[in-house]
Structures are given as C-alpha cells and as structure tokens.
Amino acid sequence: TDYFEVKKALQGRFQRLFFTGPIDEYFSSQGWPKLEYRSIIFQREYAKPRTRAGYYQVASVVNYPQLESGNFTRIVEYNHFPTLRDRRSPHAIAQSSALYSQGYTQVLVREFSSDQGEPYYPVPNPATHALYSRYQALAAREHARHH
C-alpha cells in the first residue's frame with residue numbers, strides 16, 4: 001500500500017493519518033540515500049525441555065549477541081507464554097502429535113539477522129546514524145508544522 005496515495009484519497013476525512021513505515025521511505029522525495037537496514041529471518045523449531053522447570057531456556061526471550069551462537073541473534077520460547085503452557089494456542093504442539101510423544105514439547109523461534117527482506121531496524125554504524133539524524137530533523141520539522 002502506498003501511504004501517499006491513501007493519504008491523498010482520504011484527504012479531509014480524518015484529522016490525522018499515521019505512517020508506520022521506514023523513515024527514509026516517508027522522506028524518499030528528498031532524494032537522500034536509503035538507510036541500511038537489517039531484516040530478520042524467523043526459523044521455527046521444536047525442542048525437548050532442558051531446565052528443571054520444563055523449558056528449553058530460562059526465559060521466554062534470550063538474546064545471543066555473539067557470533068559463537070551460530071549466527072542467530074535471539075531465541076523466543078513460546079511455551080513461557082500462558083496460552084502455550086495451557087495448550088490453547090494454535091502454535092502449541094498437539095499432545096497427540098509424534099513430536100510431542102518423542103518429548104519435543106517446546107516451541108522455539110530462532111531469529112537470524114539478514115540484509116534481505118523486510119526492514120526491521122537500521123544497521124548501527126556511523127554512516128547510518130548520521131543519515132538517520134538528518135531524517136529525524138526532517139521529521140521534527142514536519143511534526144512542528146502539524147502541531
């Protein structure tokens with residue numbers, strides 16, 4: 001969906017319309033370079049519990065910022081969330097499944113950083129930071145104009 005087409009089509013019908021995409025996309029008419037973004041690849045897995053409490057890891061979200069982790073940056077274990085503990089979620093492993101009967105009761109999602117795909121966050125380096133600061137200044141001016 002093109003935000004600017006929607007904004008034009010809805011002109012006068014709403015007091016405010018919010019853009020929720022990347023800041024460099026919003027200000028693309030400036031002709032400035034795009035920010036360098038990282039994307040995330042999500043890999044779903046099933047695992048056996050490893051802790052006394054019956055989980056794979058000690059918390060629902062554990063970050064792995066070091067490369068020794070195998071290049072993934074985070075593991076989310078959904079069984080820590082009440083809907084999965086109670087087996088009411090469609091993401092839970094069915095107790096009648098072969099995986100469950102073999103002890104694979106934990107639902108994990110490993111997150112891998114990537115330079116391909118949906119932009120999740122700008123790459124934290126000096127050039128990106130400097131460019132982002134320029135975009136922030138534009139956003140502040142636009143905000144001031146509308147308030």
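This is a predicted model: local features need pLDDT of at least 70, side-chain atom pairs count only at pLDDT 80 or more; totals for chains, interfaces and linings use all residues.

Trainee: Which residue in E4 is the bridge partner of Tyr46?
Mentor: The partner of Tyr46 in E4 is Val107. Residues are numbered from 1 along each chain as its sequence is written, and side-chain values use heavy atoms, with hydrogens and water left out.

Trainee: How many bridges pair strand E1 with strand E4?
Mentor: Nine bridges pair E1 (residues 37–47) with E4 (residues 106–114), in the antiparallel sense. Ala47, for example, lies opposite Gln106 in E4. Two strands count as paired if DSSP finds at least two bridges between them.

Trainee: And what is the order of the strands in the sheet?
Mentor: The order is E2-E3-E4-E1-E5, an open sheet of five strands with antiparallel pairing. E2 (61–63) and E5 (121–122) are at the edges with a single partner strand each, so one side of each has no neighbour in the sheet. E5 is joined to E1 by two bridges, and Arg38 has Tyr121 in E5 as its bridge partner.

Trainee: Changing topic, is Gln57 buried or exposed?
Mentor: Gln57 is buried, because its relative accessible area is 4%; buried means under 20%, exposed over 50% and partly exposed in between, with a 1.4 Å probe and protein chains only. Gln57 belongs to the loop between E1 and E2. Apart from neighbours within four places in sequence, its contacts (heavy atoms within 4.5 Å) include Val62, Ile75 and His80.

Trainee: Which residues make up the largest nonpolar core?
Mentor: There are nine, among them Tyr3, Tyr26, Phe27 and Leu131. Such a core is a set of buried Ala, Val, Leu, Ile, Met, Phe, Trp, Tyr and Cys residues joined through side-chain atoms within 4.5 Å. H2 and H5 each give two or more residues to this core, and H5 gives the most, with three. A second, separate core of six residues includes Tyr56 and Phe72.

Trainee: Why would such residues gather inside?
Mentor: In soluble globular proteins, nonpolar side chains tend to be buried together.

Trainee: What is Tyr26 in contact with?
Mentor: Beyond its neighbours within four places in sequence, Tyr26 is in contact with Tyr3, Phe4, Lys7, Phe19 and Glu142.

Note on methods: Helices (H or I, at least four residues) and strands (E, at least two) are DSSP runs, numbered from the N terminus.
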